[in-house]
Amino acid sequence: MAELIDDGALPRHIRAMRVLYHERRDALVASLRGRLGEVVDFEVPRGGLSIWARAAGVDVEAWCRACESKGVLVRSGSEYAFDSKPVSAVRLVFAPLNPREIDLAVERMAAALASVPCR
């Protein structure tokens, strides 16, 4: 590890990953705004590997199931709650996907939404 730091490999890797993850975050932001902008609300995170998106008026649990049936794994905010109460939000991980895959996933999320009852 010391050698990686000394020869600059680790700092270069960190810079490259920052650029990569910002690109992927921005791809998700653009796709969400373009395809689901009327349904989800979110703040663009300065860092991290996911976005929390609020989905008011949507049965989030049903939407997550519908997304999974279309090949997209979306996690409900309720899965992260300590009290198990319903949370009208989803956690969208962008880290492992390239921009094309991100757009396809959001396209499938939008298609899945059509089969979900609104509240």
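**Close-up views of a predicted model**

**View 1. Cys 67 is buried, with a relative accessible area of 0%.** Buried means under 20% relative accessible area, exposed means over 50%, and partly exposed lies in between (1.4 Å probe, protein chains only). The model is predicted, so local features need pLDDT of at least 70 and side-chain atom pairs count only at pLDDT 80 or more, while totals for chains, interfaces and linings use all residues. Residues are numbered from 1 along each chain as its sequence is written, and side-chain values use heavy atoms, with hydrogens and water left out.

Now look at the other cysteine in this view. Cys 64 is buried too, at 9% relative accessibility. A disulfide is a pair of cysteine sulfur atoms within 2.5 Å. By this rule, the count is 0 disulfides.

View 2. Helices (H or I, at least four residues) and strands (E, at least two) are DSSP runs, numbered from the N terminus. In what order do the elements run from the N terminus on? The order is α-α-β-β-α-β-β-α. The C-alpha trace spans about 55 × 35 × 25 Å along its principal axes. The chain has 119 residues, and 34% of them count as buried. Take the contacts with a separation of 6 or more: residues 24 or more positions apart account for 61% of them. Contact means heavy atoms within 4.5 Å.

**View 3. Helix α2 packs against helix α4.** Helix α2 covers residues 9-36, and helix α4 covers residues 99-113. Their axes are 9 Å apart, at an angle of about 30°. Axes are lines fitted to C-alpha atoms, for helices over the stretch in contact, and angles run from 0 to 180 degrees between N-to-C directions. So α2 and α4 are roughly parallel to each other. That label is for angles under 35 degrees; over 145 is roughly antiparallel, 65 to 115 is roughly perpendicular, and the rest are oblique. The crossing of α2 and α4 is right-handed. A crossing is right-handed if the near helix is turned clockwise from the far one by less than a right angle, and left-handed if anticlockwise.

Which residues meet here? From α2 come Glu 23, Arg 24, Ala 27, Leu 28, Ser 31, Leu 32, Arg 35 and Leu 36. They meet Pro 99, Ile 102, Asp 103, Val 106, Glu 107, Met 109, Ala 110 and Leu 113 of α4. The contact of α2 with α4 has 10 nonpolar, 1 polar and 5 charged residues. Ala, Val, Leu, Ile, Met, Phe, Trp, Tyr, Cys and Pro count as nonpolar, Asp, Glu, Lys and Arg as charged, and the others, Gly among them, as polar.

**View 4. Helix α3 crosses helix α4 at roughly 125°.** Helix α3 holds residues 60-69, and its axis comes within 8 Å of the α4 axis. That angle makes α3 oblique to α4. The crossing of α3 and α4 is right-handed. Trp 63, Ala 66 and Cys 67 of α3 touch Met 109, Ala 112 and Leu 113 of α4. What is the make-up of the α3 contact with α4 by class? It has 6 nonpolar, no polar and no charged residues.

**View 5. Pro 45 and Arg 25 are in contact.** Pro 45 sits in the loop between β1 (41-42) and β2 (50-54). Arg 25 belongs to helix α2. Pro 45 is buried, at 18% relative accessible area. Is Arg 25 buried or exposed? Arg 25 counts as buried, at 12%. Set aside neighbours within four places in sequence. Pro 45 then touches Arg 25, Ser 50 and Ile 51. On the same terms, Arg 25 touches Val 44, Pro 45, Arg 46, Ile 51 and Phe 94.

**View 6. Arg 18 and Glu 38 are exposed.** Arg 18 is in helix α2, with 53% relative accessibility. Its C-alpha lies 26 Å from that of Arg 35, 17 residues away in sequence. Glu 38 lies in the loop between α2 and β1. Its relative accessible area is 84%. Glu 38 and Ala 55 are also 17 residues apart in sequence, and their C-alpha atoms are 9.3 Å apart.
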